[in-house]
Every structure is written in structure tokens, then in C-alpha cells.
Amino acid sequence: MMAKILIVDDEEKIREVIREYAQFHKYETDEASDGMEAVSKALSNDYDLIIMDVMMPKLDGFSACKEIRNSKDVPIIMLSARGEEYDKLFGFELGIDDYVVKPFSPKELMARVAAVLARKTNSKAKPSILKTGGLEVNTDARTVTVDGVKIDITLKEYEILAYLMQNKNIAISRDRLLSDIWGYDFFGDDRTIDTHIKNLRMRIGSYRDKITTVRGVGYKFED
């Protein structure tokens with residue numbers, strides 16, 4: 001089945017380039033020229049992935065992402081001319097799947113699209129329940145419950161927790177987390193992972209100590 005992608009950018013030429021490459025790779029495309037239109041289309045249609053610019057009129061990409069995330073669990077790749085670490089971390093805090101800095105290579109963008117879509121497909125292929133005491137991760141529904149109460153959690157926090165629980169008692173390096181969770185050619189650093197781990201520990205409350213720091217390596221879920 002052909003994946004459907006929503007391309008969101010206020011620059012028509014950029015939308016055109018992305019559309020041509022996406023269609024060449026056999027993706028179906030739709031377009032929006034600002035954040036408000038993106039939210040409207042995302043909430044009324046089912047897309048497999050959204051490529052969205054940050055700086056747009058009416059509603060910026062970060063705000064649009066937040067609105068969409070309230071209702072839809074669709075993967076989002078952000079585009080921005082700003083490559084500052086703060087912007088990237090803020091985006092990942094909102095649950096985006098990747099962050100591409102302009103000017104970008106359309107071929108690289110398509111590789112990142114393929115990687116995100118592959119992760120989405122693989123996550124649905126093996127539905128299961130990961131459980132430790134009262135901490136439960138449903139990898140089919142992509143939800144986390146703590147002592148029977150469903151908690152609010154960003155997509156990346158969920159993916160990190162599920163990944164660590166699937167690899168219980170194994171020390172996972174930060175580089176491996178970046179590679180396997182953020183995917184293709186993501187140039188992050190330790191602070192990206194550390195920030196997500198800090199927030200994740202806060203969200204799982206009394207089970208925070210299950211995620212231990214392995215000095216000089218990364219993290220481990222101890223059971």
C-alpha cells in the first residue's frame with residue numbers, strides 16, 4: 001500500500017522539490033502552505049507521515065505539531081533553517097521523529113522518510129505487552145500505564161522506554177539509542193538522550209530507578 005505524506009512549507013518551490021522526490025519514490029502526497037492548514041488537513045485525513053517546516057505564517061511548525069499530536073500519532077519530520085541544539089531538543093520534546101536542517105539534500109530526506117516509515121511498520125508488526133510490576137508498555141497501542149493509570153508521554157520517550165524494556169538488563173549506549181530510535185544518520189549528542197531519560201524517569205514515578213545509568217556507556221533497564 002502506498003504511503004501518504006503531507007508536505008507542509010510556506011515556500012512553494014520547497015514543496016515542489018519534496019513532492020517530486022516523494023512521488024518518484026512512490027509516495028502519495030498532499031500539501032499545506034501554513035501551520036493552520038496543516039492541522040486542519042492532519043486532523044481530517046490519515047497520513048502515514050508529515051514533513052513540516054518550522055517557520056511558517058499563521059501557525060509555526062512546532063505549534064502545529066503540538067496540535068496534531070493531541071489527536072494523531074502520525075510520524076513527523078521537521079524542516080528548519082535553524083540548526084541550533086535548543087530547537088532540535090524542543091522538537092524532540094514535542095515527539096517529532098526527525099529534524100532536518102535547511103538547505104537539505106532531497107535524497108537524504110527521502111532516506112530519513114523511509115527509515116521513519118520502516119520503524120512505524122516494524123513497531124506494528126510485533127504487538128506485545130512489556131511489563132515490570134505496575135509499569136506496563138503496550139507496544140500495539142503505544143501506551144504506558146503506571147499502576148493502572150495511563151500516563152502522558154511523548155513519542156520519543158515511549159520509544160526509549162519500550163526499547164530499554166525489550167533489552168532488559170543490557171547496557172545500551174547513547175550512540176545505539178540515537179541510531180536505533182532516531183534512525184538514519186541522526187547527528188545527536190549525549191544531551192539529547194540524557195534530556196529524554198530525565199523526563200522519562202519523572203513520568204514513570206516510583207519506577208524511575210529501573211532505568212539506571214551505566215557510567216561511560218549509556219543506560220540500562222534493570223529488572
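This is a predicted model: local features need pLDDT of at least 70, side-chain atom pairs count only at pLDDT 80 or more; totals for chains, interfaces and linings use all residues.
Residues are numbered from 1 along each chain as its sequence is written, and side-chain values use heavy atoms, with hydrogens and water left out. Local features need pLDDT of at least 70 and side-chain atom pairs count only at pLDDT 80 or more, whereas totals for chains, interfaces and linings use all residues.

Me: How far from Lys4 is the nearest side chain of opposite charge?
Reply: Lys4 lies in strand 1 (residues 4–8), strands being DSSP runs of E of at least two residues and helices runs of H or I of at least four, numbered from the N terminus. A salt bridge requires a side-chain nitrogen of Lys or Arg within 4 Å of a carboxyl oxygen of Asp or Glu. Lys4 is buried and has no such bridge, and the side chain in question, that of Glu28, is away by 4.1 Å.

Me: Is Arg15 buried or exposed?
Reply: Arg15 belongs to helix 1 (residues 12–24), and its side chain reaches the backbone oxygen of Asp9 at 2.7 Å. Buried means under 20% relative accessible area, exposed over 50% and partly exposed in between, with a 1.4 Å probe and protein chains only. Because its relative accessibility is 12%, Arg15 counts as buried.

Me: Which residues does Asn45 touch, not counting those up to four places away in sequence?
Reply: Asn45 sits in the loop between helix 2 (35–44) and strand 3 (49–53), and is partly exposed at 26% relative accessible area. With contact taken as heavy atoms within 4.5 Å, the residues that Asn45 touches are Lys4 and Lys72.

Notes:
Lys and Arg count as positive and Asp and Glu as negative; His and the chain ends are not counted. A polar contact is a pair of N or O atoms within 3.5 Å; within protein, one must be able to donate a hydrogen and the other to accept it, and residues adjacent in sequence count only if both atoms are side-chain atoms.
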